[in-house]
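Below is a short briefing on one protein chain. It starts from a single loop residue and then moves out to the sheets, the helices and the chain totals.

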Amino acid sequence: MSSRRRFYARPLFAAAASIVVLTGVASAAPAATPPADGTASPAAALDDTYYQDALGKSGTALKSSLHTIISDQTKLSYSQVWDALKATDEDPANSSNVILLYTGRSQSKSTNGGDVGDWNREHVWAKSHGDFGTATGPGTDVHHLRPADVQVNSLRGNKDFDNGGSAVSGAPGNYTDGDSFEPRDAVKGDVARMILYMAVRYEGDDAFADLEPNDSVSNGSAPNIGRLSVLKQWSQEDPPDSFEQNRNEVIFDRFQHNRNPFIDHPEWVESIW
């Protein structure tokens with residue numbers, strides 16, 4: 001691990017500004033307040049329906065309950081993931097484009113592929129960490145698959161996540177070294193919540209490995225990914241923004257019909273881990 005360490009803590013106004021630049025719309029607070037007209041907020045409606053069996057729980061009981069809830073999903077093939085990502089990661093300022101995860105670049109949906117300058121399907125939970133490949137299930141779960149620049153995706157490879165390293169060429173704000181990758185500030189929380197979703201969704205009871213985060217950056221092919229302490233920090237310091245929240249809705253409404261609970265309830269990260 002590089003000796004380079006960075007203290008990541010953005011002022012609230014700076015975080016909000018970065019969100020507006022990326023999404024073109026104002027950010028939304030993770031804890032919704034009741035609308036002025038007295039109707040139930042979207043979060044409250046989910047608590048009354050989707051999450052009702054998880055409320056009031058914590059620790060392993062909460063994790064188990066959420067696993068049961070989010071395991072009820074429609075599974076996509078790997079080829080269907082292309083079309084899903086064109087909807088989930090659509091640039092709100094240009095419906096012909098998607099926003100790439102690590103670079104933040106807005107790029108034509110039609111330039112998906114494997115050539116230099118294309119975008120492809122990044123497994124945020126690296127598929128070798130648990131050896132699930134592109135099999136229907138964890139290998140095609142859109143909650144952790146994102147459009148990414150082909151070269152940056154290759155450079156990240158199967159590295160764990162942590163602070164530190166050297167700047168990534170062509171992807172300002174990203175850093176990497178021999179055993180870890182640090183994404184740009186605007187998506188640090190996104191990365192953390194995708195990793196923790198996978199740890200709750202895949203518990204080893206569906207022919208796939210039991211995926212768990214840990215505090216290591218040398219996990220290799222084990223069904224683990226790190227660094228948990230840093231991921232928790234990222235989730236707290238970069239709360240869900242409107243782009244991430246909309247992505248959760250699109251996956252729920254149009255594709256898998258399950259949700260990432262840590263986008264709806266970021267406080268559950270600390271409750272479980």
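Asn 174 sits in the loop between β7 and β8 (strands are DSSP E runs of at least two residues and helices are H or I runs of at least four, both numbered from the N terminus). The model is predicted: local features need pLDDT of at least 70 and side-chain atom pairs count only at pLDDT 80 or more, while totals for chains, interfaces and linings use all residues. Residues are numbered from 1 along each chain as its sequence is written, and side-chain values use heavy atoms, with hydrogens and water left out.

**Asn 174 and its surroundings**
- Asn 174 counts as buried, at 1% relative accessibility (buried is under 20% relative accessible area, exposed over 50%, partly exposed in between, with a 1.4 Å probe and protein chains only).
- Its side chain reaches the backbone oxygen of Ala 171 at 3.0 Å, a polar contact (N or O atoms within 3.5 Å; within protein, one able to donate a hydrogen and the other to accept it, and residues adjacent in sequence counting only if both atoms are side-chain atoms).
- Leaving aside neighbours within four places in sequence, Asn 174 is in contact with Tyr 102, Ser 166, Ala 167, Val 168, Phe 181, Glu 182, Pro 183 and Arg 184 (contact means heavy atoms within 4.5 Å).

**The four-stranded sheet**
- Strands in the order β6-β9-β8-β7 form an open sheet with mixed pairing (two strands pair if DSSP finds at least two bridges between them).
- β6 (160-161) and β7 (166-167) are at the edges with a single partner strand each, so one side of each has no neighbour in the sheet.
- β7 pairs with β8 (residues 175-176) in the antiparallel sense over two bridges, and Ser 166 stands opposite Thr 176 of β8.

**The three-stranded sheet**
- A second open sheet, of three strands, has the order β1-β2-β3 and antiparallel pairing.
- Its edge strands, β1 (90-91) and β3 (106-108), each pair on one side only.
- β2 (residues 94-99) is joined to β3 by three bridges, and Asn 97 has Ser 108 as its bridge partner in β3.

**β4 and β5**
- These two strands pair in the antiparallel sense over five bridges; the bridge partner of His 123 in β5 is Leu 145.
- Trp 119 belongs to β4 (residues 119-123) and is buried, with a relative accessible area of 0%.
- A polar atom of the Trp 119 side chain lies 3.2 Å from the backbone oxygen of Ser 108.
- Trp 119 and Leu 100 are 19 residues apart in sequence, with 7.5 Å between their C-alpha atoms.
- In β5 (residues 145-149), five of five residues are buried; Leu 145, Pro 147 and Asp 149 point one way, and Arg 146 and Ala 148 the other.

**Helix packing**
- α3 (residues 59-70) packs against α6 (residues 188-201) at about 90°, with axes 8 Å apart (axes are lines fitted to C-alpha atoms, for helices over the stretch in contact, and angles run from 0 to 180 degrees between N-to-C directions).
- α3 is therefore roughly perpendicular to α6 (65 to 115 degrees; under 35 is roughly parallel, over 145 roughly antiparallel and the rest oblique).
- Lys 63, Leu 66, His 67 and Ile 70 of α3 make the contact with Tyr 197, Ala 199, Val 200 and Arg 201 of α6.

**Chain totals**
- The chain has ten helices and eleven strands, and 52% of its 273 residues count as buried.
- Of the contacts with a separation of 6 or more, 66% are between residues 24 or more positions apart.
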